[in-house]
Amino acid sequence: MTSDPPLPDGSAAPSEPEAEVVELPSATRATDIALDELELVYAFIYARVGNRADAEDLTQQVALKAFPRLREGAPPSAIRGYLFATARSVLGAFWSTRLGLSTAELHEDLALAVPQGPTSDEPVERAGRILAGLSDNYRRVLELRFLHGYSLKEVAAEMRSTVGAVKVMQLRALRAAAKVDPDA
Amino acid sequence: MPERPENRVERIVSGLLRGRRLKLRAGDAEEKEAITAAARFAAARVGPQRMSPAFRRRLAQTLESAPRGQFMTRRAALVAGIGVAAGALAGGVVGRALEPAPQLSRTGPINPRKGVWTDVGSLADFDEGQGKLVRAGGVSAFVFRRGEGVSAVSAICSHLPCELWWDHDQSLLGCPCHPVWFTSEGKPTSTYSMPSLNRVRARTTTAGRVEVLGT
């Protein structure tokens with residue numbers, strides 16, 4: 001039996017959900033139902049990788065891992081639960097292989113509740129709570145850069161600083177943001 | 001000279017804000033917390049996202065067109081020992097993820113250790129220009145007839161280790177694991193940067209038989 005390849009940090013990839021079979025309400029509508037649920041998966045993944053191309057690739061992986069195990073007859077909640085279990089596994093492997101993040105580091109992020117709809121503002125609200133937990137300068141640089149789309153030069157002009165200093169402040173602000181618990 | 005941390009993170013932030021894929025290099029993991037935070041802020045900037053109609057159509061097409069039995073996860077592909085290409089590809093998954101771009105040069109022919117020319121049928125069994133899946137021991141390939149000659153490409157996707165399928169209507173090789181297509185020469189048609197398929201050595205004999213170099 002061959003297992004998943006080892007990761008850069010020597011840790012194992014996050015475990016995949018058990019190979020159970022989750023049944024779909026109707027075989028003829030299996031694809032439509034899966035696609036509707038995959039909208040939620042896509043939003044969930046996009047909120048974590050921040051770009052369309054990676055979100056599409058990962059959603060595709062989730063679909064193809066989970067779809068063969070979906071059959072007739074089970075409640076949509078079970079389908080959603082299974083898709084999100086698979087999504088967490090796929091996202092975990094994505095970050096693990098790209099950045100060497102361990103399963104333990106990902107645990108909190110991947111244990112988040114299943115979103116109720118693709119238009120959920122939770123990721124945006126979460127970002128707002130994180131920004132609120134930062135110092136004024138750090139919050140300002142991240143707001144200008146990410147929320148307003150300013151270039152480094154524009155941020156520097158706005159904050160009466162230099163591009164080099166803004167780059168350093170941006171790095172420190174992101175490091176600080178990673179430490180803020182938005183649920184505290 | 002090593003890249004300074006602030007420059008490293010700015011490169012990634014700049015790409016994210018342009019809507020680009022996360023392209024990480026070896027060493028970027030030192031700033032993993034900042035990078036994952038940047039990805040979240042980049043997502044928050046554009047708000048909740050839905051699949052584009054084009055992606056939804058591609059996803060639907062993939063789910064509907066590939067029989068369930070053809071879907072294959074990386075684990076399944078490896079366990080099944082589908083071929084030398086799958087093994088080589090799976091071994092490269094970790095390394096590729098840390099590189100700035102896919103390896104576009106990984107398109108050379110598969111040269112199995114102790115390769116064996118395997119008879120895969122009569123030339124008459126192959127339709128002109130149509131892909132036919134054959135197996136030569138551990139090597140699986142799509143063989144294409146070109147008049148009295150043949151050419152072949154690996155049957156394993158160059159990105160994910162899934163077995164391709166031949167779409168007669170489009171005359172393209174499709175991957176069941178993500179929305180990408182390859183020509184009979186193994187070149188990707190996708191808008192994303194993708195490596196070409198490995199070529200597989202194939203030949204015809206004077207007796208009109210087709211042989212593939214396998215294991």
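In chain B, three strands make an open sheet in the order β2-β11-β10, with antiparallel pairing (strands are DSSP runs of E, at least two residues, and helices are runs of H or I, at least four, numbered from the N terminus; two strands pair if DSSP finds at least two bridges between them). The edges belong to β2 (116-122) and β10 (202-204) of chain B, each with a single partner strand, so one side of each has no neighbour in the sheet. From one strand to the next, the twist averages 30 degrees.

This is a predicted model, where local features need pLDDT of at least 70, side-chain atom pairs count only at pLDDT 80 or more, and totals for chains, interfaces and linings use all residues. Residues are numbered from 1 along each chain as its sequence is written, while chains are lettered from A and ligands numbered from 1 in the order in which they are written.

Chain B also has an open antiparallel sheet of 3 strands, ordered β6-β7-β8. Its edge strands are β6 (165-167) and β8 (181-182) of chain B. Here is one antiparallel pair from each sheet:

| Strand pair | Bridges | Opposite residues |
| β6(B) and β7(B) (172-174) | 3 bridges | B:Trp166 and B:Leu173 |

Now for the helices. The axes of α6 (136-147) of chain A and α2 (32-46) of chain B come within 9 Å and cross at roughly 60 degrees. A:Leu142, A:Phe146 and A:Leu147 in α6(A) meet B:Phe41, B:Ala42 and B:Arg45 in α2(B) (contact puts C-beta atoms, placed from the backbone, within 7 Å).

Definitions and conventions: Axes fitted to C-alpha atoms, helices over the stretch in contact; angles between N-to-C directions. Contact = placed C-beta atoms within 7 Å.
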